[in-house]
Amino acid sequence: MSAVLAKREREILDVLYRLGRATVTEVLEALNDGRSYSTVRTQLRLLEEKGHARHEVDGPRFVYLPA
């Protein structure tokens, strides 16, 4: 697992730990800092690639969880 996280990745990961599980929209609402949906989705994908997050499929949605 990569130990180096960008500040914005760390903020997203903090949201996932606080909520336990969240969709991109829920992460966006928790951050409330003007990031776009696509930016948060990309950052969540990068967190998955680094081994810090994972997702489950819930119907049409991806629900993200801390790894």
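Tutor: Start with a definition: buried means under 20% relative accessible area, exposed means over 50%, and partly exposed lies in between, with a 1.4 Å probe and protein chains only. This is a predicted model, where local features need pLDDT of at least 70, side-chain atom pairs count only at pLDDT 80 or more, and totals for chains, interfaces and linings use all residues. Residues are numbered from 1 along each chain as its sequence is written, and side-chain values use heavy atoms, with hydrogens and water left out.

Student: Why does Tyr 37 count as partly exposed?
Tutor: Its relative accessibility is 41%.

Student: What does Tyr 37 touch, not counting residues up to four places away in sequence?
Tutor: Val 24, Thr 25 and Leu 28. Contact means heavy atoms within 4.5 Å. Tyr 37 and Thr 25 are 12 residues apart in sequence, and their C-alpha atoms are 7.1 Å apart.

Student: Why is Thr 23 called buried?
Tutor: Thr 23 has a relative accessible area of 9%. Buried means under 20%, so Thr 23 qualifies. Leaving aside neighbours within four places in sequence, Thr 23 is in contact with Arg 61, Phe 62 and Val 63.

Student: Where is Thr 23 placed?
Tutor: In the loop between α1 (7–19) and α2 (24–31). Helices are DSSP runs of H or I with at least four residues, strands are runs of E with at least two, and both are numbered from the N terminus. The protein has 3 helices and 2 strands, in the order α-α-α-β-β from the N terminus on.

Student: Which residues touch the most other members of the largest nonpolar core?
Tutor: Ile 12, Leu 16, Val 27, Leu 31, Val 40 and Leu 44, in a core of 13 residues. α1, α2 and α3 are the elements that give two or more residues to this core. α1 gives the most, with 4 residues. A nonpolar core is a set of buried Ala, Val, Leu, Ile, Met, Phe, Trp, Tyr and Cys residues joined through side-chain atoms within 4.5 Å.

Student: Why does the radius of gyration agree with a compact globule?
Tutor: The radius is taken over C-alpha atoms, and the globule rule is 2.2 Å times the number of residues to the power 0.38. With 67 residues, a compact globule would come near 11 Å; the protein has 11 Å, so the two agree.
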